[in-house]
Amino acid sequence: MASALINVPKKAKRGDVIEIKALTSHIMETGYRRTAAGDLVPRDIITSFACRYNGREVFRADFFPAIAANPYLSFFTVAQESGKFEFEWIGDKGFAETASASITVECAGRTFACRRPTCRRPACRRRDSGKRAPLRL
Amino acid sequence: MRQKLKTTRRTFLHLAGGATLAGAIPIVTVRPANATPAMLAAAIRNVVGEAPIHTGKVKLDIPPLVENGNTVPMTVSVESPMTADDHVKSIHVFNEKNPQPNIGNFYIGPWAGRAQVSTRIRLADSQKVVAIAHLSDGSFWSASADVVVTLAACTEEAS
């Protein structure tokens, strides 16, 4: 059951601070509730969340029963290079859920030349071969 | 600065003192006892250790009055340039009266660009919520907010 919803900007300029939102469907049973018969409902929560950006961990969270059902998270990271964000939720009773999203990172400043001659990013290459954008002085 | 430190220590002693009192009264309940200010202080000490906690830098955004404690939006942001030398390492959120004092721990770094985390939490009662940020220089900064909850979480019967 694909129950994770994630929101990562499709495109960003290098160096931009981007917001990442992640939501997953989970009951987050606290372990403190009782049924009408008086039995304690066993705890069933997500205990940890991690986000990796091209393999490198950029955000990690430990959850406790005080996190609401269907845990939602929003956090930030700096767009550095095109690639993939991978998300992982781990919880009680062997709960594991993963999701991923890709991002395209362009050189900063589309309207004037990127000053890095070695830049091989699609956006910069296109500009070099075609009509060159005027340099801003 | 010195003044600030003093206040923090006093607040902490206050909490600890209150805790001893609360501990002395035998509590016989069917439900697990809720976290007490002592548990809150203990949970905070667990993360912070002996380091002093300063007030400031941290902003805890949470509605002062919520109708439903089952899902309360919360945002913690920390004033920080988020450079390699000066950044926020982690943000910890605690509560006073839920069955457990911890809410969540969030680990970030200079690559985050902005020290801000949002999530949705549960509150079992009207209480104080505390956010603590651990900075790269080893200092701890905190902010707290009081929330009034009309419908509590956790206590209802499971269907």
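Two residues are taken to be in contact if their C-beta atoms, placed from the backbone, lie within 7 Å. By that criterion, residues 24 or more positions apart account for 68% of the contacts in chain B with a separation of 6 or more. The model is predicted: local features need pLDDT of at least 70, side-chain atom pairs count only at pLDDT 80 or more, and totals for chains, interfaces and linings use all residues. Residues are numbered from 1 along each chain as its sequence is written, while chains are lettered from A and ligands numbered from 1 in the order in which they are written.

**Chain B**
- Chain B has two helices and nine strands, where helices (H or I, at least four residues) and strands (E, at least two) are DSSP runs numbered from the N terminus.
- Along the sequence, the order is α-α-β-β-β-β-β-β-β-β-β.

**Contact between the chains**
- Chain B contributes 29 residues to the contact and chain A contributes 27 residues.
- On the side of chain B that touches chain A, strand S6 (102-107) and strand S7 (116-121) each supply at least two residues.
- Strands S5(A) and S6(B) run antiparallel and are joined by four bridges; two strands pair if DSSP finds at least two bridges between them.
- Within S6(B), Phe106(B) is the bridge partner of Ala61(A).

**Ile67(A)**
- Ile67(A) lies in the loop between strand S5 (56-63) and strand S6 (72-78) of chain A.
- Leaving aside residues up to four places away in sequence, Ile67(A) touches Met28(A), Ile103(B), Gly104(B), Thr119(B) and Ile121(B).
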